[in-house]
Amino acid sequence: LGIDIMIDEKLKPYLIEVNHLPSFGTDSPIDEEIKSKVIGQALASIQVNSRDKHDYETRKKKESKTRLFGRNSSSCISSEMLDQ
């Protein structure tokens, strides 16, 4: 789902359009340039940085191990085996 909004000088958002299947494919160099900038600006505006993905994956892996093994339970399968 793609949502196009415009934000005025008072930071009030205005809905421009909603796209059911937005395309991130690029058919031409200008298309790639525009879409790359839009995605980059969107990520910058919500302050996403390159470390966020690593931190998210580390946290999810830890949560999965906790669900699988419990906080204080021991198991025949070590959690290190899951890392492989």
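Buried means under 20% relative accessible area, exposed means over 50%, and partly exposed lies in between. The exercises below apply these classes to a predicted model.

**Exercise 1**

Classify Arg 51 and its salt-bridge partner Asp 55 by accessibility, and describe where the pair sits.

Solution. 
Step 1. Arg 51 has 48% relative accessibility, so Arg 51 counts as partly exposed.
Step 2. Asp 55 has a relative accessible area of 34% and is therefore partly exposed.
Step 3. The closest N and O atoms of Asp 55 and Arg 51 are 3.5 Å apart. A salt bridge requires the nitrogen within 4 Å of a carboxyl oxygen, so this pair meets the cut-off.
Step 4. Asp 55 and Arg 51 belong to helix H2 (residues 51-69) and are four residues apart, so about one helical turn separates them.

**Exercise 2**

Carry out the analysis for Lys 60 and Glu 63, which also form a salt bridge.

Solution. 
Step 1. The closest N and O atoms of Lys 60 and Glu 63 are 3.3 Å apart.
Step 2. Lys 60 and Glu 63 are three residues apart in helix H2, which means a separation of about one helical turn.
Step 3. Lys 60, with a relative accessible area of 35%, is partly exposed.
Step 4. Glu 63, with a relative accessible area of 31%, is partly exposed.

**Exercise 3**

Solution. 
Step 1. Helix H1 (residues 29-45) holds both Lys 35 and Asp 31, four residues apart, or about one turn of the helix.

**Exercise 4**

Identify the residues of the nonpolar surface patch, then assign the patch to strands.

Solution. 
Step 1. The patch consists of Leu 1, Ile 3, Ile 5, Ile 7, Leu 11, Leu 15 and Val 18. Together these residues have about 780 Å² of accessible area.
Step 2. At least two patch residues come from each of strand S1 (2-7) and strand S2 (13-19).
Step 3. S1 supplies the largest share, three residues.
Step 4. Leu 1 lies in the segment before S1. With 74% relative accessibility, Leu 1 is above the 50% cut-off and therefore counts as exposed.

Note on methods:
Residues numbered from 1 in each chain as written. Predicted model: local features only at pLDDT ≥ 70, side-chain atom pairs only at ≥ 80, totals over all residues. Heavy atoms only, no water. Patch = residues over 30% accessible without salt bridge, like charges linked within 9 Å, V, L, I, M, F, W, Y side chains within 5 Å. Areas by Shrake-Rupley, 256 points an atom, 1.4 Å probe, with all protein chains shown as cover. Salt bridge = Lys/Arg side-chain N within 4 Å of Asp/Glu carboxyl O. Buried < 20%, exposed > 50% of the residue type's maximum accessible area, 1.4 Å probe, protein only.
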